[in-house]
Each structure stands twice: as structure tokens, then as C-alpha cells.
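Please examine the sequence and the three-dimensional structure shown below.

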Amino acid sequence: MGKGAFYRCVECNEKAAELHRDYSNGILKITICESCQKPVDKYIEYDPVIIFIDAILCKAQAFRHILFNTSLNIHWKLCVFCLLCEAYLRWSALHGSEQSSDPADIIRYTKEWEFYGKFGLAALELAAFCSGVLSFLWLWESRLQGRSAELHLLLRALLLSCYGKVLLIPTVIWEHDYSPLCLSLIKLFVLTSNSQAIRVVLNCSRRLSLLAVCFGLLSETLTAQTCRKLQWSIQDIWTS
């Protein structure tokens with residue numbers, strides 16, 4: 001955390017000047033929150049695996065620790081990695097088990113460009129989702145208007161809370177058949193994490209966070225449908 005920054009109590013969300021005090025001989029004492037009289041951040045003593053498990057369980061305390069009390073800046077790398085996995089799944093579903101006898105023929109390069117197209121489409125849908133959520137919250141929450149720092153934190157929270165998409169990795173590695181039910185459950189888990197991240201950042205009601213996520217999902221769906229119609233129109237023009 002930079003100079004002048006503040007931390008948050010993971011229990012009550014109140015601001016705190018420090019997480020712990022460093023005494024002589026390497027003795028650390030965890031700061032007690034003045035509001036709830038509990039440790040400001042109990043997770044500074046926890047193993048990262050425990051923190052990750054609590055985050056999977058969508059515990060607000062774990063989300064506050066990650067978003068407010070750490071300098072974790074892997075959201076863009078995580079975003080690109082998940083988009084690559086999602087693009088590969090869409091691309092492999094399009095071609096199935098087709099194989100080309102000549103690795104240098106034009107079909108191989110056509111398929112490669114199709115993968116880039118799937119990556120671009122997945123990125124566009126994610127951008128539409130985040131834009132929809134941020135636009136809804138900006139219009140609904142007047143305190144966000146003119147505060148770019150809050151919007152930046154919300155965007156970071158949305159991207160980090162998409163960590164559930166790493167569950168797509170086993171499908172990419174082992175290349176087994178995956179069911180629509182499995183992908184739907186992963187999508188539901190990601191949306192639940194998005195909603196919890198919004199609640200933690202804004203300290204708002206569950207209803208507001210769910211409405212924001214639904215609005216983002218609607219924006220993502222409309223963008224995907226528009227792109228598909230545009231693609232079909234281009235294919236019709238090309239084949240005619």
C-alpha cells in the first residue's frame with residue numbers, strides 16, 4: 001500500500017491506519033479495530049491456501065483482505081489467462097476433433113485466425129459485462145460520480161473475482177468433453193463472486209450488487225448476440 005493509503009477491517013469494513021505494529025526483536029502485534037474490537041486483518045497470519053479457500057467460499061472477510069489490505073495486482077494477467085482458456089474452449093467446440101493432414105496448409109492458418117477471433121469475442125463480452133456493471137453502479141450510486149479511484153477499485157475487484165474461470169483449465173489440459181451444465185455452474189460461481197466483490201467494495205446491499213451483476217450480464221448477452229448476427233451477415237455476404 002502506498003503512502004497515505006488506508007486499510008480496512010475485514011470484519012466491519014472500518015478504515016484502519018495499520019494492520020500490525022512491529023516491535024523490537026521481530027515481535028509483531030496485530031492491530032485491534034477501534035469499532036468492532038476485533039483484529040483488523042486476521043488473514044495476515046494465515047497461510048495463502050486458507051485465504052484462497054475462504055475466497056472460494058465467497059467470504060466477505062477474505063475479499064476485504066485481498067482488495068483492501070494487499071497489493072495484489074495480477075488482475076490483468078488473470079484476465080488474459082482466463083480469456084485464453086475461454087477462447088480455446090469455444091474454438092475447440094467449433095472444430096471438434098477435426099485434424100488437418102498438412103500442418104502447413106491454408107486450413108490450419110484459417111483455424112488459427114478463428115482462435116484469435118474467439119479470443120477477441122470473449123474479451124469484448126467481458127468488456128461489455130464490466131462496462132454494464134460500472135455504468136449501472138455509476139448511475140445508481142451518486143457517490144461514485146466523479147470518483148475515478150472508486151471505479152478503478154471496482155474494475156479491479158470485478159476482474160479478480162473472475163478467478164472462478166480458472167476451473168476451465170482442466171478442460172483445456174485434458175481436452176475431455178465438457179457438459180453445458182458444468183460451464184453453467186462455473187458461470188454462476190463467477191457471477192456470485194462478482195456480486196460479493198461489489199458488496200465488499202461499496203459496502204452495499206446484496207440486492208444492489210445482484211442488480212448490477214444482472215445488468216452486466218444483460219449487456220454481455222446483447223453484445224454476444226449482436227456479434228453473432230454480424231458474423232452471420234458477413235458469412236452470408238461472403239458466400240453469396
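This is a predicted model: local features need pLDDT of at least 70, side-chain atom pairs count only at pLDDT 80 or more; totals for chains, interfaces and linings use all residues.

Residues are numbered from 1 along each chain as its sequence is written, and side-chain values use heavy atoms, with hydrogens and water left out.

Helices are DSSP runs (H or I, at least four residues) numbered from the N terminus. Helix α2 spans residues 60–68 and is mostly covered, as seven of its nine residues are buried; buried means under 20% relative accessible area, exposed over 50%, and partly exposed in between, with a 1.4 Å probe and protein chains only. The buried residues of α2 are A60, A62, F63, R64, H65, L67 and F68.

The axis of α2 comes within 8 Å of that of helix α1 (residues 48–56), and the two cross at roughly 120°; axes are lines fitted to C-alpha atoms over the stretch in contact, and angles run from 0 to 180 degrees between N-to-C directions. I51, D54 and A55 of α1 meet A62, F63, H65 and I66 of α2, where contact means heavy atoms within 4.5 Å. The residues of this contact divide into five nonpolar, one polar and one charged. In this scheme Ala, Val, Leu, Ile, Met, Phe, Trp, Tyr, Cys and Pro count as nonpolar, Asp, Glu, Lys and Arg as charged, and the others, Gly among them, as polar.

**The cavity**

A cavity is a set of points on a 1 Å grid over the protein atoms alone where a 1.4 Å probe fits but cannot get out; lining residues have an atom within 4 Å of a point. The structure holds one cavity of 30 Å³ or more, and about 50 Å³ of space lies in the largest cavity, a volume being the space filled by probe spheres set on the points, which are joined across faces, edges and corners. Its lining consists of L78, C79, C82, L83, L126, L159, C162 and K165. Seven of these residues are nonpolar, none is polar and one is charged. Helix α3 (residues 75–95) gives the most to this lining, with four residues.

E86 and W91 are both found in helix α3.

| Residue | Relative accessible area | Class |
|---|---|---|
| E86 | 17% | buried |
| W91 | 22% | partly exposed |

Leaving aside neighbours within four places in sequence, E86 is in contact with A122, K165 and L168. K165 also lines the largest cavity. The C-alpha atoms of W91 and Y116 are separated by 9.0 Å, with the two residues 25 apart along the chain.

Key
On a 1 Å grid over the protein atoms alone, a cavity is a set of points where a 1.4 Å probe fits but cannot get out, and a pocket is an open set with protein on both sides within 12 Å along at least five of seven lines; lining residues have an atom within 4 Å of a point.
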